[in-house]
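Here is a quick tour of some aromatic pairs and of a chain-to-chain interface. Have the structure open while you read.

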2 protein chains.
Amino acid sequence: MALSFIRDSVEVSRGDLADRFGLDRKTVSRIVGGLLEESIVELAGYREIGPGRPQELLKLRGEWARFIGIDLGATHIIGLLADLNLKVEERIFYHIRPGLPVQVILKQMKAICDRLCTSMPAGTRSRAIGICVPGFVDPRTGVSELAENIPGWQDINLRDDFEQSFECPVLVDDSSRAWGRAELRLGANRGMRDAILLDAGYGIGMAIVADRKLHRGSTNRAGEVGHTVVQPGGPRCACGNRGCLEAVASGRAIAAFAQEGLRNGKSELLLRLTKNDPGAVTAQDVAIAASMGDNFSVDLLRRAGVGIGLALGNAVNILNPSMVILAGGLVSRNSVIEQAIIEGVRASAMPGLMEQVEVVTSELGTDGSALGAVSMAADTVFAPN
Amino acid sequence: MALSFIRDSVEVSRGDLADRFGLDRKTVSRIVGGLLEESIVELAGYREIGPGRPQELLKLRGEWARFIGIDLGATHIIGLLADLNLKVEERIFYHIRPGLPVQVILKQMKAICDRLCTSMPAGTRSRAIGICVPGFVDPRTGVSELAENIPGWQDINLRDDFEQSFECPVLVDDSSRAWGRAELRLGANRGMRDAILLDAGYGIGMAIVADRKLHRGSTNRAGEVGHTVVQPGGPRCACGNRGCLEAVASGRAIAAFAQEGLRNGKSELLLRLTKNDPGAVTAQDVAIAASMGDNFSVDLLRRAGVGIGLALGNAVNILNPSMVILAGGLVSRNSVIEQAIIEGVRASAMPGLMEQVEVVTSELGTDGSALGAVSMAADTVFAPN
């Protein structure tokens, strides 16, 4: 408890700790003495208050331990090595082509962990590994139950598998919730009581902060905004229903619509970007073409953005958050889609709710989920789970 | 704390209390002695365990106090007088015709409170009044900020007004959340960790239970499922947006569609029910005609139900509750709409979430919100707010 208070306060004095936990000075000095001896905490400076002796300020000593975070997406694996303060020391990005066999993906995830392990300073070793994956995940068992955007990915016990390979605690959670956790620790919604994070990439997920905690739902499946229906009777979705947001506006859907358009000769520019292979087009290509002024691509992104905004506004109506954070690969790539999202939110969020919500874009770039995964690992020090 | 434990356990022994709160027998006996003396608690019977003396069981003595609950809807006022155990002793139903002036509605609410006060046994008086209203409410100030289905109803300080008139604490909240509270105390989701309640009547609201607590949102406006968009570009809603659930499927919308149909000669039977006045048709008339086999009315209800189900399934995707409770005037009236709602939920809730949610119909009839209002009042005894 004292440790997480030091973490969340960045810098604190012994007096702050005594006040916060209602302990006497002697007890606090004993606890802090132990933490200094173990080198988890270090001196951060001094605070002068009045004529007396200046107060010593304490902070976490980041280098005390290293942690690994792995973010598996439908089109990438990101691996991070970071210290106790979540300061990133190394980053590995690996591109996945849709359709890569599950065993190859798992092997690659482990290879990334291996490499990050060898990067650690001599004498240290990873205290824990955090892994986030899209779809249904059970953090209690560490099983990735279903990631429908990764063909064949089902009921994989990531915790057991990685704990055996790396002999340290392994934490597993959903990627959007991981991103939400990173924002709570490092980002826009630090200290927010009610907020939602939209994670739009190849798939679309959501993290919900309700009453300062991540809302998980009854079976850890909350946040499936990608499967809310935004176009009744619309295109069939991978989940089996029709008109889901993911079937209409995800990176996957944008690529599918672009492919169809290219086959019908809709954009010379985009076709050139794919080296004349319509089947290879990605949402990223569409974003690049849009930034070069390609009308077909701008229109695709705009329509996707309005769809995302509609689903997001519906979530605002249900949850009444004070902040909405736009995040994920789709959002970080292009302002066309961002503007369209805000337009869509305005069309569906009730005016009385809209005027009370702040919409911001995540400042964590594309690494939000990976940072969340590291944070899951680092949190084992503060409250082991 | 001991009191709410006795309430929630229905019957407990002194030993149960000692175990629950980690107190010694002597302290528990002293506390219980005080409660017995005050007549808040009474002997409920005996529990035989083994050869020793049977344990005395305790329960709340309902008659210790009376409470009033007032539920204001767009088309009704319901007033209840109940005891500490929420046993209803008197019920008053008053029909409101849409368009009734705000001052007349307020006067009528007070007249109902007055009548319930005079019904109390000699020597008792109401300990508190709970009032629930639709729309935006701030429970901290007791102000009903906006009820768009009641013309002219805006920024009414119900708490101040009723506290002055009745000289007792007055609690104010949103009607759907009140219904959710009643279910938590008396109904289907007792003890549920994550549940949602759909309250479909003239308007459509929702109560959300997240982690065993009512989720209120950042400004107490959570649960506006009635303003989630289910038909993009659809009919204009009172809130200003297009295609909101309330504009497509509420009691208000059903009446409007029925009126239009009657003007186009769509149903002889329904027209007769309105005594040849299409302008007077209500959703209740449509439900009656449907139960008599009128195809036009069945179709209206079916379409409304599918729309409601779609919005509800979207909420299931976002929140992952273990239980969905269908409630409100529309639902309690007709099985056509109930079946259509379930059909709509199936079309929008993700299969992986749908299989883990139980859909039930509230057993509190049309009085759910009013019971919630009484419960708000009675809870002042357990944890004054």
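## Aromatic pairs

Counting over all chains, there are 4 aromatic pairs in this structure, which is a predicted model. Two of them are worth a look here.

Start with F5(A) and F21(A): their ring centres sit 5.7 Å apart and the planes make an angle of 85°, so this pair is edge-to-face. F5(A) belongs to helix α1 (residues 2-9) of chain A, while F21(A) belongs to helix α2 (residues 14-21) of chain A, so the pair ties together parts that are 16 residues apart in sequence.

## A stacked pair in chain B

Now hop over to F162(B) and F166(B), an aromatic pair that is stacked, with 5.9 Å from centre to centre and 20° between the planes. Both residues lie in helix α5 (residues 158-166) of chain B, and they are 4 residues apart, about one turn of the helix.

## Where the chains meet

On to the interface: 44 residues of chain B are in contact with 44 residues of chain A. In chain B, the residues that lose the most area to chain A are S218(B), I318(B) and M350(B), together 19% of what that side buries. The area buried between the two chains is about 3500 Å², and carbon and sulfur atoms give 56% of that area.

## Polar links and what supplies them

How many salt bridges does the rule find across the interface of chain B and chain A? There are 2. A salt bridge joins the side chains of D211(A) and K213(B), at 3.3 Å from N to O.

Which elements of chain B each supply at least two residues of the side that touches chain A? They are β13 (204-210), α11 (295-319), α13 (335-348) and α14 (351-354). The largest share of that side, 6 residues, comes from α11(B). By residue type, the side of chain B that touches chain A divides into 19 nonpolar, 16 polar and 9 charged residues.

Key
Residues numbered from 1 in each chain as written. Chains lettered and ligands numbered in written order. Predicted model: local features only at pLDDT ≥ 70, side-chain atom pairs only at ≥ 80, totals over all residues. Heavy atoms only, no water. Contact = heavy atoms within 4.5 Å. Buried area = accessible area lost by both parts, 1.4 Å probe. Salt bridge = Lys/Arg side-chain N within 4 Å of Asp/Glu carboxyl O. Nonpolar A, V, L, I, M, F, W, Y, C, P; charged D, E, K, R; others polar. Phe/Tyr/Trp six-rings, centres within 6.5 Å; stacked < 30°, edge-to-face > 60°.
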